[in-house]
Structures are given as structure tokens and as C-alpha cells.
Amino acid sequence: MTNFLNIALAHAVFGLYVFPVARDKSTLTHHGYKDASTDPVQIRAWSTKFPSANPGFAPGASDVAVWDIDHGLTDMASFLAWRDRNGIPATYTVRSGSRPEFKVHMYFKGAMQDVGKWELDGCSGQVKSLGGYVLAAGSEAMHGEKHDKPGAPYEAIDGVLGVFAPTPDVVRQLRKPATAPTNNSKVPKTAWSLPVHEGENRTGFLLEQTGAMRNLGCGKDAI
């Protein structure tokens with residue numbers, strides 16, 4: 001059973017905001033990560049109400065960015081090699097409970113906008129900060145697309161809790177990968193002679209006008 005109280009209080013000491021999360025990663029408070037707190041009284045109340053909860057960590061409120069490396073790593077050696085090869089500073093790092101995958105969360109000081117998906121040197125994942133949350137080290141959550149697979153406890157694999165390197169430029173400059181180019185060339189419009197009478201492909205004229213109205217954002221009723 002996760003020791004929510006001890007883990008949450010250990011984070012709160014460093015001004016890191018926490019809140020209770022269920023084993024399926026759903027939030028247990030009314031407003032989710034927005035209810036996160038550093039108040040020991042509130043944390044103890046949550047512990048009494050949700051004794052088996054996981055400690056969720058709210059990076060944004062804590063002025064932290066969590067770099068989630070979801071794919072591309074195989075073990076600790078590959079993580080360290082990737083980190084050093086890309087000039088990423090060492091910082092407090094947690095391995096998630098997903099097995100046999102090797103997924104890690106790197107904690108940096110300095111909040112930023114979330115990044116839904118990024119790719120860098122064979123790895124990909126997300127950045128969770130102002131708009132999301134992660135599970136803290138010590139959490140035990142279900143994994144898989146349906147949260148139906150047991151996982152190992154989240155564990156700190158590098159650094160010290162509360163000692164975070166400043167968010168580096170390599171993280172702040174991450175962007176969603178560009179989509180494959182598409183052919184957006186416009187289909188030439190027919191030079192209709194108005195009014196269009198029956199027998200002059202009036203159906204084609206009306207279909208073209210309907211398409212133009214949809215492109216302008218018109219709904220079914222307006223068309």
C-alpha cells in the first residue's frame with residue numbers, strides 16, 4: 001500500500017504541491033491537480049479520507065516542469081547516454097511503474113506550457129507542467145491503455161528530491177513534431193455565368209457553393 005502521508009509531506013517540505021490520486025491514475029479531489037496543496041493539515045485530511053491513495057504531484061503550482069520520456073529508452077545506461085549526448089543537465093529523476101518499458105520523469109525548476117508530444121534523438125514523450133500532473137516516486141498505479149496491468153512502484157533513480165536543475169533551453173524549445181506535408185492546393189473554381197439555369201449543371205454549381213460555405217464555417221442549418 002502506498003504511504004501517501006509520508007510521501008506527500010516529504011514533497012510539501014520543499015514547497016511541492018501534492019494531492020491524492022487513485023490507482024487508475026484518476027484524481028480523487030473535486031478539481032484534480034488544481035486542488036494540490038503543501039498544507040500539512042490538508043494532506044493529513046486527505047490521508048485519512050483516502051488512505052490508499054497515490055501521491056500526485058502538480059508541477060505547475062510547484063514552479064516545476066516534468067520532462068516525461070515515454071519511448072526510446074531501454075535501461076538506465078541508455079537513459080544516461082541519451083541525456084549526456086544531448087547536453088541535458090542531471091536532475092532529480094523518477095522511473096515510472098510501467099514495465100517492462102523504461103520510462104522516466106525528469107524534474108526541472110521553472111514551469112512552462114505543457115508539450116503534448118515531442119521527439120528528440122530517438123526518444124519521445126510529453127512535458128507536464130502548468131496543465132497536468134504526474135505520480136510521485138513511491139506511487140503504485142495500474143498501467144496499460146485500460147489501466148488494467150499492474151505496475152511496479154515509481155522509484156527515484158537519480159538526484160535528490162527538491163534539488164532540481166533549472167529548466168534547460170532544450171526542454172523549453174520542445175515542440176510538437178510537424179505533420180507530414182499535404183497538398184493544400186485549391187481546386188480551381190468554375191467560372192459560372194449567373195444566374196445558373198436548369199440544364200447548365202445547376203447541381204454542380206450548388207455543390208460548389210455548399211463546399212465554399214462549409215469552408216467558411218457555416219453549419220448545416222445555415223447552408
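This is a predicted model: local features need pLDDT of at least 70, side-chain atom pairs count only at pLDDT 80 or more; totals for chains, interfaces and linings use all residues.

Biologist: OK, how many residues does the largest nonpolar core have?

Modeller: It has 27 residues. Those with the most contacts inside it are Ile43, Phe57, Val64, Tyr92, Tyr107 and Phe164.

Biologist: And which elements each supply at least two residues of that core?

Modeller: Helices H1 (4–12) and H2 (40–49) do, along with strands E1 (18–21), E3 (64–71) and E8 (134–135). The largest share comes from H1, with 4 residues.

Biologist: Which residues of H1 are buried, then?

Modeller: Phe4, Ile7, Ala8, Leu9, His11 and Ala12. They pack against E1, H2 and strand E2 (54–57).

Biologist: You listed Phe57. What is Phe57 in contact with, leaving aside neighbours within four places in sequence?

Modeller: Quite a list: His11, Leu16, Tyr17, Phe19, Ser62, Val64, Val66, Tyr107, Tyr133 and Val134. There's also a second, separate core of 19 residues, and Trp82, Ile88, Trp118 and Val127 are among them.

Biologist: Which elements give two or more residues to the lining?

Modeller: E3 and E8 again, plus strands E7 (123–128) and E10 (149–150).

Biologist: What's the lining like by class?

Modeller: There are 9 charged, 9 polar and 5 nonpolar residues.

Biologist: Now the backbone. Where is there a cis peptide bond?

Modeller: Between Arg99 and Pro100, with omega at about 10°. Pro100 sits in the loop between strand E4 (93–95) and strand E5 (104–109).

Biologist: Why do you call Lys25 partly exposed and not buried?

Modeller: Because its relative accessible area is 26%, and buried would need under 20%.

Biologist: What about Asp121, what's its phi?

Modeller: Asp121 has a positive phi of about 50°, though it isn't a glycine. You'll find Asp121 in the loop between strand E6 (115–120) and E7. Its relative accessibility is 39%, so Asp121 counts as partly exposed.

Conventions:
Residues are numbered from 1 along each chain as its sequence is written. Side-chain values use heavy atoms; hydrogens and water are left out. A nonpolar core is a set of buried Ala, Val, Leu, Ile, Met, Phe, Trp, Tyr and Cys residues joined through side-chain atoms within 4.5 Å. Buried means under 20% relative accessible area, exposed over 50%, partly exposed in between (1.4 Å probe, protein chains only). Contact means heavy atoms within 4.5 Å. Ala, Val, Leu, Ile, Met, Phe, Trp, Tyr, Cys and Pro count as nonpolar, Asp, Glu, Lys and Arg as charged, and the others, Gly among them, as polar.
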